[in-house]
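User: I would like to learn how to read helices, sheets and ring contacts in a model. Please take one feature at a time.

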Amino acid sequence: MNSEFDVIVVGGGIAGLTAGLVSARLGRRTLIHTSELLGGHLLSIEKIEGYPGHPDGIAGYDLCPLAQGQAADAGAEFAMSRVDALTPESDAWQLVTASGDYVARAVILATGTELKELDVPGETLLRGKGVSHCASCDAPLLGGKPVVAVGGGDSALQEALTLADHASKVTVLHHGEELTAQDSFRRRAAAHPRIEFMPSSEVVEIIGEDAVDGVRVREAPGGAGGNGTRDLETSAVFVYIGLRPNAGLLADRLSLDSSGRIPVDTQMRTDLRGVFGAGTVRSGTAGRAVAAAGDGTLAAIAADRYLSDGAWPD
């Protein structure tokens, strides 16, 4: 593979795949590089709702391969290996990876996020033995068993609904008094007979030796358990307590926002000439698949303009 490109897209989620598709369709030699599986977090989503053209929703593991195929058909190239650094080189940028180095005048960072962990005893020991981040992967193995989902946002409730199709009971634990998920998920979860909620509560330990047997939960004053702890029986713990942006490539070159994300302007341009941000790694992200795809489109168009005229804001 020739190591010189017009545009390098770092990240293989829906933002990166869309950016690569649009860039290639604009006639730019484009590389989509990722150190993870193409598709990112969406691969574990059973149903992405609100995505245009799919009124009944679409699974992430269906959407992302479709986008990958479109990008490949448009001429985008792909590489997958560990990314070690992004460094300036004259009027271009060099992507340093475990499999070789690549150079481009324009770089679109669509590196996404990683799921936060509870950081409690038992979590590391039992990861893959009942501690999971993927309901669609593991729910079929849990038929007729009680499970716990931790979190109060869209991901937690969306995955709780997936789990409820298999488990005997899904207990949703969340820190706040109110859920933060969008209304459609709140209503459907509240109406499901196998989903229960424990607000103002937190997991302090995951119990088990060879597999998850339960969780130890601390409840805030006024909760059903008072202000103490109690143990809940569960065969699995699914953790959806938020996302941590993967902005490490530019952490020493850019001032990140308070959430650790990359600040961009309305054209997805960062403060670094030729570098764009797209998707959930960029500041102000809406956190939705459709918004990430829009970011990728806008970043690719802006990169194409930059390659044509070299203009960049002061």
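Analyst: Helix α6 (residues 289–309) has 21 residues and reaches 31 Å from its first C-alpha to its last, close to the 30 Å expected at 1.5 Å a residue. The expected span is 1.5 Å times one less than the number of residues. Helices (H or I, at least four residues) and strands (E, at least two) are DSSP runs, numbered from the N terminus. This is a predicted model, where local features need pLDDT of at least 70, side-chain atom pairs count only at pLDDT 80 or more, and totals for chains, interfaces and linings use all residues. Residues are numbered from 1 along each chain as its sequence is written, and side-chain values use heavy atoms, with hydrogens and water left out.

User: Which residues of α6 are buried, and what covers them?

Analyst: Buried means under 20% relative accessible area, exposed over 50%, partly exposed in between (1.4 Å probe, protein chains only). The buried residues of α6 include Ala-289, Asp-295, Gly-296, Tyr-306 and Leu-307. Their cover includes β1 (4–10), α1 (14–25), β6 (100–109) and β17 (275–277), where contact means heavy atoms within 4.5 Å. After α6 comes Gly-310, with a positive phi near 70 degrees.

User: How do I read a sheet?

Analyst: Strands of a sheet pair through backbone hydrogen bonds, either parallel or antiparallel. Two strands count as paired if DSSP finds at least two bridges between them. Here, five strands form an open sheet with parallel pairing, in the order β8-β15-β9-β10-β11. Its edge strands, β8 (131–132) and β11, each pair on one side only. Strands β10 (residues 169–173) and β11 (residues 195–198) pair over four bridges, and Thr-171 stands opposite Glu-196 in β11.

User: And the aromatic rings?

Analyst: A pair of aromatic rings is described by the distance of the centres and the angle of the planes. Rings of Phe, Tyr and Trp (its six-membered ring) pair if their centres lie within 6.5 Å; planes under 30 degrees apart are stacked, over 60 edge-to-face, the rest tilted. The count comes to three aromatic pairs. Phe-5 and Tyr-102 form a tilted pair, 6.3 Å centre to centre with 55 degrees between the planes. Phe-5 lies in strand β1 and Tyr-102 in strand β6, so this pair ties together parts 97 residues apart in sequence.

User: Why is the pair of Tyr-306 and Trp-312 edge-to-face?

Analyst: Their ring centres are 5.1 Å apart and the planes are at 75 degrees, so the pair is edge-to-face. Tyr-306 is buried at 5% relative accessibility, and Trp-312 at 11%. Ring pairs link Phe-276, Tyr-306 and Trp-312 into a cluster.
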